[in-house]
Amino acid sequence: MIIAIDGPAASGKGTLGKRIAGHLGLAHLDTGLLYRAVGAICLAAGKLEDEAASVEAARALDVTTLDPESLRTGAIGEAASVVAARPGVRAALVDLQRRFAARPEGAVLDGRDIGSVICPDATVKLFVTASPEVRAERRFKELAARDPLASYEAVLADIHKRDERDSSRAAAPLVMASDAVLLDTSNLGIEESFAAALAIVERARG
Ligand code: CDP
């Protein structure tokens, strides 16, 4: 069983993906980390504007060395969204994601184009969203725990910018697949979102 979870920044898809995978005993891949890792490499090298360098970084990416904690900063999220708009970067990461999904028992993958491009035949497709203000509040709380200088306004501005870039790009834009089920978590807590997502998964499994 392949479960594809897509949605905009800070919609809660990563948390849901992890919970659902844990519940069903499936492996989970947060595909945003792949783009974040490529963005981080380019940022560190001062080469964010260099398309060829980003494609090279994506081709050479070693997924066994990804450090989720260090990749979850606002600056790296922004860099990820810049490199993720490049078709060469996306193409370099397709096989890796499809191989992950092809394990015999199945897997849970979350991202922006899992249901639309990476796993169009997924058993279940969830499109998880929430209002920009709710998503900014959640992301702000995460960041504020680590950075006392984090600002809600800056986080909200970043969410609007990334929504716009991720949705308007030509290469695999953020869209809800026609056969995806919409889950709006604006008024749901983590437990309620998990219960709602699980109900959708169970229904799709028959
Ligand atoms: O956690 P958050 O939603 O803030 O970000 P993320 O899922 O880690 O993704 C970071 C950026 O990578 C996004 O803004 C997208 O531009 C890009 N991305 C993508 O293009 N395709 C994916 N499957 C996953 C992420």
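The model is a predicted one.

Let's start with the ligand. Its shell holds 18 residues, and R36, R90, R139, R162 and D166 are the closest. By type, the shell splits into 9 charged, 5 nonpolar and 4 polar residues. Helix 2 (32-44), helix 5 (74-83) and helix 9 each bring in at least two of the shell residues, with helix 2 giving the most, at 3 residues.

| Residue | Ligand atom | Distance |
|---|---|---|
| T31 | nitrogen | 2.9 Å |
| R36 | oxygen | 2.6 Å |
| D113 | nitrogen | 3.1 Å |

On its own the ligand would expose 530 Å², and the protein buries 96% of that.

Now for helix 6, which runs over residues 87-101. Its 15 residues reach 21 Å from first C-alpha to last, close to the 21 Å expected. Even so, there is a kink of about 30° centred on V94. V94 is itself buried, and so are V89, R90, L93, L96, Q97, F100 and A101 in this helix. R90 also turns up among the residues closest to the ligand.

Finally, the two alanines. A10 has a positive phi, near 60°, without being a glycine. It sits in the loop between strand 1 (2-6) and helix 1 (13-24), and is buried at 9% relative accessible area. A172 also has a positive phi, about 45°, in the loop that links helix 9 (152-168) and strand 5 (181-184). At 19% relative accessibility, A172 counts as buried, because the cut-off is under 20%.

Technical notes
Residues numbered from 1 in each chain as written. Predicted model: local features only at pLDDT ≥ 70, side-chain atom pairs only at ≥ 80, totals over all residues. Heavy atoms only, no water. Helix = DSSP H or I, 4+ residues; strand = E, 2+ residues; numbered from the N terminus. Expected span 1.5 Å × (residues − 1). Bend = angle between axes of the 7 residues up to and from the residue. Buried < 20%, exposed > 50% of the residue type's maximum accessible area, 1.4 Å probe, protein only. Near = heavy atom within 4 Å. Polar contact = N/O pair within 3.5 Å; in protein donor to acceptor, adjacent residues only side chain to side chain. Areas by Shrake-Rupley, 256 points an atom, 1.4 Å probe, with all protein chains shown as cover. Nonpolar A, V, L, I, M, F, W, Y, C, P; charged D, E, K, R; others polar.
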